[in-house]
Amino acid sequence: MELTNETPKGLSTLLRNMPRQSMIAVLVLFGALGLAVVMSRTESILAPLWLLAMAAGFTLQRSRFCFASAFRDLFLFGSSRIMKGIIVGLAVATIGFAINMYSQVPFPGFGVLPGEANILPVGLSTIVGGLLFGFGMVISGGCVSGSLYRMAEGYVASWVSVGGILIGLGFLSQTWNWWWQFTISREPMLWIPSKFSLGYGGGVTLTLAGLLIAFLLFLWLESRSGLSVADIPRKKEPDDTLGQKLSILWSSVFLRGWPAVVGGGVLGVIGVLMYMVHMPWGVTGELARFSNTIMSTLNFAPSEAIGLSDLGGCSGQSDGTGLFTHSFAVTVGLLPGALVGALFASEFKLRFPRNPKRYAQALGGGIIMGYGAGLGIGCTVGAFFSSIPSLSISGWLFAFALSGGAFLGVQAIKRIA
Amino acid sequence: MELDVRGEICPYPMLKAVEAMKKLKGEDNVVVITDHAPCLETIPPQASRYGYTYQVEENGGAEWTITLTPNGGM
């Protein structure tokens with residue numbers, strides 16, 4: 001903060017005025033960039049995926065983006081602040097994904113699906129997975145991506161949540177084959193451009209129209225809630241010299257939180273870039289791989305999941321062996337990105353919940369959420385934020401189920417003081 | 001009235017601030033101390049609903065004070 005109040009006079013003044021957390025931020029940044037170089041020796045596209053995941057983690061931290069609160073706050077008090085950001089991101093990504101999918105599958109009528117797109121089965125598994133996920137994320141206070149970036153900000157309860165998610169994913173791996181035979185094997189993958197003979201134009205138009213309707217619905221909800229945000233009175237900073245202008249730029253990027261709409265838009269662009277490099281963004285696959293590795297180490301390996309590798313989405317991303325895989329890069333990269341964001345803003349702090357109930361909520365919510373993420377083949381990122389832009393019906397059904405789960409979760413947390 | 005909600009994450013700080021504003025019915029300030037940045041977005045919109053104005057102060061070390069004052073002052 002001290003940095004913004006005066007014009008830097010030279011390197012020594014700059015260093016003296018630099019908050020300690022910022023210095024650590026620079027070290028983390030260089031460390032993470034160095035790791036990108038190491039990873040690129042395993043496979044060249046790992047470096048851009050890792051850097052994009054870092055950018056995503058930074059964006060989530062800066063805009064305080066939280067998919068869990070986006071759904072929860074609709075029901076809790078009619079606020080759609082983050083939901084509007086999500087819609088902006090989905091709209092940006094829908095157009096970018098369509099261009100990318102067109103280059104892979106120019107003629108959608110033949111029934112071939114673009115390989116890496118998150119077009120997932122539509123059916124009972126989507127609904128049950130979404131309900132469990134929505135309920136769990138509200139109980140634990142954050143979804144999978146939210147818990148990951150809060151881990152990096154120093155929220156100890158989020159470490160417990162991620163532990164819960166790993167346990168939940170483990171339970172799902174052990175029961176996947178039952179679900180496969182019971183329902184998933186018969187569930188269709190509905191891709192709007194091919195299934196309804198709409199082509200890309202129709203698919204994009206329909207998806208954008210759906211987003212517009214959702215946007216208007218949220219505005220209407222908000223107008224009924226009686227919420228209003230007065231502008232926070234802020235002293236006008238002098239912006240005459242280049243130094244002052246740079247300092248204002250620095251503080252609006254690195255110190256002050258970003259508006260949710262900006263965060264959503266940036267995440268949409270990052271999603272498109274990840275897909276252009278290799279695959280849409282998703283974080284469940286890597287955690288599932290991690291969970292399976294732990295179970296194998298404990299001699300409790302799940303039997304091989306039937307059909308899962310043909311489904312694409314997050315599960316298809318957990319490919320490869322060894323530490324540095326595609327899913328490792330897009331998932332673990334969030335952590336240094338969010339840590340750098342938190343450190344530059346001096347927002348890193350180890351936070352221990354004082355109420356012991358919160359640990360139970362983090363663990364229990366995490367387990368339920370993890371099971372739902374495994375069943376829904378993705379979380380709020382893979383099965384929702386990357387799935388709707390893939391012009392897949394599954395993303396919409398998952399979103400409805402998430403809303404239902406979040407509604408139930410809100411009823412539950414109102415009863416947990 | 002002071003409300004120290006450090007360590008708590010969304011939605012609890014907001015729910016507790018709302019509860020306090022409801023209980024006090026504009027008879028006292030509510031001073032919320034938090035270390036959860038999203039509260040800076042969730043608590044202020046609630047203020048006007050219960051006839052309060054708000055002020056946000058940065059305490060450094062990832063802590064903030066949100067002072068909710070009844071309309072018309074104290």
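Chain A and chain B meet in a contact that takes 26 residues from chain A and 17 residues from chain B. Two residues are in contact if their C-beta atoms, placed from the backbone, lie within 7 Å. On the side of chain A that touches chain B, helix α5 (residues 67-77) gives the largest share, three residues. Helices (H or I, at least four residues) and strands (E, at least two) are DSSP runs, numbered from the N terminus. That side of chain A divides into 12 nonpolar, seven polar and seven charged residues. Here Ala, Val, Leu, Ile, Met, Phe, Trp, Tyr, Cys and Pro count as nonpolar, Asp, Glu, Lys and Arg as charged, and the others, Gly among them, as polar.

This is a predicted model, in which local features need pLDDT of at least 70, side-chain atom pairs count only at pLDDT 80 or more, and totals for chains, interfaces and linings use all residues. Residues are numbered from 1 along each chain as its sequence is written, while chains are lettered from A and ligands numbered from 1 in the order in which they are written.

Take chain A next. It has 20 helices and zero strands. Its radius of gyration is 21 Å, close to the 22 Å that the globule rule gives for 417 residues, so chain A is as compact as a globular protein of that length. The radius is taken over C-alpha atoms, and the rule is 2.2 Å times the number of residues to the power 0.38. Along the principal axes, the C-alpha atoms of chain A fill a box of roughly 65 × 50 × 50 Å. Of the 417 residues in chain A, 53% are buried. A residue is buried if 20 or more other C-beta atoms lie within 10 Å of its own, exposed if 12 or fewer, and partly exposed in between, with C-beta atoms placed from the backbone.

Some loops of chain A deserve a look. Arg64(A) sits in the loop between α4 (46-62) and α5. Arg64(A) is not a glycine, yet its phi is positive, about 50°. Arg64(A) is buried, with 26 other C-beta atoms within 10 Å. Ile377(A) also has a positive phi of about 50° without being a glycine. Its place is the loop between α18 (357-375) and α19 (380-385) of chain A. Ile377(A) counts as buried, with 29 C-beta neighbours inside 10 Å. Pro259(A) lies in the loop between α12 (242-255) and α13 (260-277) of chain A. With 15 C-beta neighbours inside 10 Å, Pro259(A) counts as partly exposed. Pro259(A) and Arg81(A) are 178 residues apart in sequence but 8.9 Å apart in space, C-alpha to C-alpha.

Now turn to chain B. Four strands form an open sheet in the order β1-β2-β4-β3, with mixed pairing. Two strands pair if DSSP finds at least two bridges between them. β1 and β3 (52-58) of chain B stand at the edges with a single partner strand each, so one side of each is left without a neighbour in the sheet. From one strand to the next, the twist averages 15°. Helix α1(B) packs on this sheet and touches β1, β2 (30-34), β3 and β4 of chain B; its direction makes about 170° with that of β2(B). Axes are lines fitted to C-alpha atoms, for helices over the stretch in contact, and angles run from 0 to 180 degrees between N-to-C directions.

Strand β4 (residues 64-70) of chain B runs antiparallel to β3(B), and seven bridges join the two. Across this pair, Glu57(B) stands opposite Thr65(B), and Tyr54(B) stands opposite Leu68(B). β3(B) and β4(B) form a hairpin with five residues between them, and Gly60(B) in the turn has a positive phi of about 80°. β2(B) and β4(B) pair in the antiparallel sense over five bridges. Val32(B) stands opposite Ile66(B) in β4(B). In the loop between β1 (2-4) and α1 (12-24) of chain B lies Pro11(B). A cis peptide bond joins Cys10(B) and Pro11(B), with omega about 0°.

Finally, the core. The largest nonpolar core has 135 residues, and those with the most contacts inside it are Trp50(A), Ala53(A), Val144(A), Ala17(B) and Leu68(B). Such a core is a set of buried Ala, Val, Leu, Ile, Met, Phe, Trp, Tyr and Cys residues joined through C-beta atoms within 7 Å. Leaving aside residues up to four places away in sequence, Ala53(A) touches Ala329(A), Val330(A), Thr331(A), Gly333(A), Leu334(A) and Gly337(A).
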